[in-house]
Amino acid sequence: MKHPTPRRLAAAMASMGMAAGVLLGGLAVEAIAAEAPAAAPDIAPLPELKPGKEAMIELGKYLFFDTRLSGDWGVSCASCHDPAKGWGDGAPLSKGYPSTEYFRNSPTLFNTAHKKTFLWDGRLAGNDMGTLVRDMITEAHTMNADGRIVQERMKQVPEYVALWEKAFGAGKDPYGPSTFNVVGEFVKTLNSQNAPIDKYLKGDESALSAEAKEGLALFRGKAGCVACHNGPILSDGKRHRTGVPEHPDVLGNPLRTITLLRHYATSGMPNYMNARTDVGFYAISKDPADMGRFATPSLRELKHTAPYMHNGVFATLPAVVDFYDKGGGQGGALKPLNLSDAEKASLVAFLESLSGDPPSVQAPKIPDFKLREFGKN
Amino acid sequence: MTLRPNVCKTVAVAAIATVAGSVAFAASGTKETHPPLAPLPPVPIPVDNPMTPEKIELGKKLFWDYRLSGDNSTPCVSCHFPALGWGDNSPISRGYPGTKHWRNSQTILNSAYYNKLFWEGNVTSLEGQAPAAAEGAVAGNGDTAMMEMRLRFIPEYVEAFKKVYGIDWPRMNQAYQAIAAYQRTVVSDAAKVPFDRFAKGDKSALTDAQKRGKALFEGKAGCIRCHNGPLASNQEYYSLGLPEYPEFKSDELYQITHRWEQYQKGVPEAVYRTADRDMGLYYQTMNPADIGKFRVPSLRETKYTAPYMHNGLFTTLAEVVDFYDKGAGPLPDKSPLLKPLGLTAAEKADLVAFVESLSMDEPLIHEDPKLPGDYQPLK
């Protein structure tokens, strides 16, 4: 029996990642082509981003921390994407809007600008940040706000009205869809800085320890990680079935099962009341080949973003490496790796070299509502 | 001014519009006839939502259940509280947390008899009213699919829906049907309403003051022109020229809701930009002639449902009578029906006494139901 080479594994996974482009609720769901990469995939340094518009970023930063973007002011974006918790919430499963609990992990916002798909099932395309933010603000399990109420709340804050003009031009006042875009512009600034791997890839041999370099060799070779975790953020942006075990709280805590089955119901998944697992992208595509498929996450900034996987089921990186060493979980498409303890430790050392300094972001002081002249809207 | 009240023929009919009889009313030299005030007929029941005791009991629980709102804070009962006249006792309804509403929370007492619900009559049945309230962003702010899934994780509800509707899993449209069925039980008990006893032949049921008030109501004061028929409402739309609720000028949350309402109701941008009042029926028709018109409310049970008007501007019935005595409000678009009445202080007191005779001797109160327990894991 042949060991899977990284290239063969990559080709196999790429063919499994085939998904039809579908339209759901007016949202474009990214179609992923079923072609094997021409060259062996590898990791790459983070490319420079075109700088965003400063006024939009400044405004977006306020809104990101403003609880008035949620229905009852119970949560802001930062509640589940907390700068102090790696821009996630530190819990295996996300808390969600007051009185709800969610069934997946709150993903970090690090390097969102470089992502090819959004959300754990990759149902939104990476160039569709406005829709991503809109869904978070308006979905019943996240912020449960009416976008038009949010718009009118923004208009009640003179500082925001002034920033809107700065960002969009004289006479432009707060408008729902631009709310979503400016939050997105802020999120796009949350990128890795000074990660050892970037220095190393740019020629600084001393940036990685000997152990981390061994780990990199395993990552590219025997362990085969690079087949899916490649490119600047170490993610192919595709969906794969690795057989991550279910988090017991999803069925054990009915509040989480409620949001899970509601997600299925609103996605139009057949027979949703009988589902008892997280079916991943299948809920969106309804293609049985997508059962249990989740988008490959970035491996950058893992030091700050535990716990791991779409349901936070692993608390540490060694636990994740162990999982892959065993060939992933039930129903997955992976093979055992037969790594030694030393090899596993090297791999973890390499993974840690992918983390840098978190961007320093202080929550701004949120300006209050002020009275307007009634009838001058 | 002449007045010839016809004898009301009490007939057992389901639909209020078919109640026989009329009141002739002469104003400005033209003769009008109006359906007389009368005891309420049996509650009209839609053929597609028949009443059963099990459905009513289910609807009552759902009416009280906090889980039918966005964040467990705002069930139907929180703005329609039995001890507060099935309203919320404040000029403007409290609204969902983080918001304030912009209109008065109406009593649900006798709402079964309306075919135009909400102050601008934008829905035509209780089955249509319930979702608009439970899901509206400044009311319950609930998500249909979320609330439906919550019900499916509460075994007592699953069982009750199965019993009532024969379905495996609760559905929100049926939850709203059950709530509507329950609301059809929140109606005046004619035996306890002085006016109804009077109308059925007990001539001692009204005091002399109330009898004088009745004559004014149907005559000099002209109330009967709009507040007629068993419900004491013709369910038509009029502008009273009523001033706006003053706090729209001094409260940020009211201003937010006020603009949001214009925006979400889809008025032209020029109207949104300058909106400084609640335009009522206009939002339904977009006809400028309808600006400021609201659907006539019932006068039954008003003893228990203060404050009054679509924006709760008046806290007592005496203030309301004063308002009409002065020919109603200052805004120029008010109905031509409204003219100063020239009532004496004694006449105004009689009128209030008569309006109070349209309410039960004691308020109708329902005890809180025992709500089903916590969510349970699925099998």
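## Ground rules

The model is predicted, so keep the cut-offs in mind: local features need pLDDT of at least 70, side-chain atom pairs count only at pLDDT 80 or more, and totals for chains, interfaces and linings use all residues. Residues are numbered from 1 along each chain as its sequence is written, while chains are lettered from A and ligands numbered from 1 in the order in which they are written.

## Chain A at a glance

Let's start with chain A, whose secondary structure comes to 14 helices and six strands. Here helices (H or I, at least four residues) and strands (E, at least two) are DSSP runs, numbered from the N terminus. Of the 377 residues in this chain, 51% count as buried. A residue is buried if 20 or more other C-beta atoms lie within 10 Å of its own, exposed if 12 or fewer, and partly exposed in between, with C-beta atoms placed from the backbone.

Now for contacts: two residues are in contact if their C-beta atoms, placed from the backbone, lie within 7 Å. Take the contacts in chain A between residues at least 6 apart in sequence, and 69% of them join residues at least 24 apart.

## Two domains in chain A

Chain A is assigned domain 1 (6-46 + 192-352) and domain 2 (54-187); such bounds come from an automatic or database domain assignment. The domain centres, taken over C-alpha atoms, are separated by 25 Å. Where the two touch, domain 1 of chain A supplies 37 residues and domain 2 of chain A supplies 30 residues.

Which element gives the most to the side of domain 1 of chain A that touches domain 2 of chain A? That is helix 11 of chain A, with four residues. Other elements giving two or more residues to this side include strand 2 (27-28) and helix 10 (248-252) of chain A. By type, the residues on this side divide into 18 nonpolar, 12 polar and seven charged. For that count, Ala, Val, Leu, Ile, Met, Phe, Trp, Tyr, Cys and Pro are nonpolar, Asp, Glu, Lys and Arg are charged, and the others, Gly among them, are polar.

## Where the chains meet

Between the chains, 36 residues of chain B are in contact with 35 residues of chain A. On chain B's side, helix 4 (144-152), helix 9 (252-265) and helix 10 (269-274) of chain B each give two or more residues. The largest share, seven residues, comes from helix 9 of chain B. This side of chain B divides into 17 nonpolar, 11 polar and eight charged residues.

## Helices in chain B

Helix 3 (residues 126-135) and helix 6 (residues 172-183) of chain B pack at an angle of about 115°, with their axes 8 Å apart. Axes are lines fitted to C-alpha atoms, for helices over the stretch in contact, and angles run from 0 to 180 degrees between N-to-C directions. Residues that meet here include Leu126(B) and Ala130(B) from helix 3 of chain B, and Tyr176(B) and Ile179(B) from helix 6 of chain B. In this contact there are six nonpolar, two polar and one charged residues.

Helix 5 (residues 155-165) of chain B has Tyr157(B), Ala160(B), Phe161(B) and Val164(B) as its buried residues. Seen down the axis of helix 5 of chain B, they fall within an arc of 100°, so they line one face of the helix; the arc is that of the directions from the helix axis to the C-beta atoms. Their cover includes helix 1, helix 4 and helix 6 of chain B. Just after helix 5 of chain B comes Gly166(B), with a positive phi of about 65°.

Most residues other than glycine have a negative phi, and most peptide bonds are trans. Asn111(A) has a positive phi, near 60°, and counts as buried because 21 C-beta neighbours lie inside 10 Å. Asn72(B) also has a positive phi, about 70°, but is partly exposed, with 16 other C-beta atoms within 10 Å.

What kind of peptide bond joins Ala306(A) and Pro307(A)? The bond is cis, with omega about -10°. In chain B, the bond from Ala306(B) to Pro307(B) is cis too, with omega near -10°.

Leu354(A) sits in the segment after helix 14 (341-352) of chain A. Leu354(A) is buried, with 24 other C-beta atoms within 10 Å. In sequence Leu354(A) and Arg300(A) are 54 residues apart, yet in space they are 5.0 Å apart, C-alpha to C-alpha.
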